[in-house]
Amino acid sequence: MNEAEFIRSGKAKDIYRRPDGDIIFVFTDRVTAFDGIKKADYKGKGETCCKLSCFWFEKLQAEGIKTHFKECIAPNMLVAEEVSILPVEVIARNFLYGSLWKRYKKGEIDIGSDFLVQEEKKEGMPLTKSFLEFTTKFERVDRPITEEEIIEKGWMDRSEIEHIKKETRRIGDIMKSYLIPRGIILADFKLEYGRSKEDGAIILADEVGTPDVCRFWDKDAHEQRGEILSLDKDVFREGKGNLSEVYLEVCNRIMAQ
Ligand code: ADP
Ligand code: MG
């Protein structure tokens, strides 16, 4: 860490570059929501998110998924290969919830009837399969973007888009099947990918499977009472719980044997 050069601070992580070119992420206790308007610090949050990211990166790599992850070097620090982050994020949704529900309700998005069950369409209903979408990452106000526009802009070609969609579905399947026996529903999640500076290959980057980038719901509350009991950043967004405690609870469930 001593010789590492500070690069910048993101909303939740600080980034350093080591002399060997790898980068170090320091997971801080910062939390932000609503495009950075709501901010706070929650003790232990950085360690919890770092621990979970390392856990999932190791699991995904063991399943053959290519990622930027190298090693965890402290409770709140991980080392990764530096990549060129793609200017889009991938969001995978298993429920009609959050901004997808808001856009659907206003008639701003056509989800496609094969994703929707036949009954009344309401907030929080399950989708028949994962609905994937791309959103921009470096624009002043980030927005959903079509695959055609991504290709037009030269950010990815068709086969690269298909590749990251396939990887995202696989990652979702791995996480879902691990979480269900631990009493957690994976409602949706966000991933970032980047291009390896060595060979241009697109690999998984940033963080994965943390309550900052996933919506986790308590399975019993959902199944028994039809209730959405959030175990993720929604507790902060909506002021419905202590983030440190909720993140720790989710981490303990995930780490439990
Ligand atoms: P943000 O405010 O963008 O959410 P974070 O606090 O999450 O930032 O810090 C992580 C930043 O580092 C993000 O901008 C992310 O795109 C970027 N990043 C993630 N993985 C890599 C990597 N392997 N190489 C370079 N940049 C990365
Ligand atoms: Mg981030």
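Guide: The centres of domain 1 and domain 2, taken over C-alpha atoms, are separated by 18 Å; the domain assignment, which is automatic or from a database, places domain 1 at residues 5–80 and domain 2 at residues 83–255. This is a predicted model, in which local features need pLDDT of at least 70 and side-chain atom pairs count only at pLDDT 80 or more, while totals for chains, interfaces and linings use all residues. Residues are numbered from 1 along each chain as its sequence is written, chains are lettered from A and ligands numbered from 1 in the order in which they are written, and side-chain values use heavy atoms, with hydrogens and water left out.

Counting as contact any heavy atoms within 4.5 Å, 28 residues of domain 1 touch 31 residues of domain 2. Between the two domains about 2800 Å² is buried, and carbon and sulfur atoms give 71% of that area; buried area here is the accessible area (1.4 Å probe) that two parts lose on being put together, summed over both. On the side of domain 1, Tyr42, Leu52 and Trp56 lose the most area to domain 2, and together they make up 22% of what that side buries.

Polar links also cross this interface, where 12 residue pairs, both members at pLDDT 80 or more, are in polar contact (a pair of N or O atoms within 3.5 Å; within protein, one must be able to donate a hydrogen and the other to accept it, and residues adjacent in sequence count only if both atoms are side-chain atoms). As for the elements involved, β4 (30–33), β5 (38–41) and α1 (45–62) each supply at least two residues of the side of domain 1 that touches domain 2, with helices (H or I, at least four residues) and strands (E, at least two) being DSSP runs numbered from the N terminus. The largest share of that side, 11 residues, comes from α1. Its residues divide into 14 nonpolar, 5 polar and 9 charged, where Ala, Val, Leu, Ile, Met, Phe, Trp, Tyr, Cys and Pro count as nonpolar, Asp, Glu, Lys and Arg as charged, and the others, Gly among them, as polar.

Between domain 1 and domain 2 there are 3 salt bridges, each a side-chain nitrogen of Lys or Arg within 4 Å of a carboxyl oxygen of Asp or Glu. The side chains of Lys13 and Glu207 meet in a salt bridge, at 2.6 Å from N to O.
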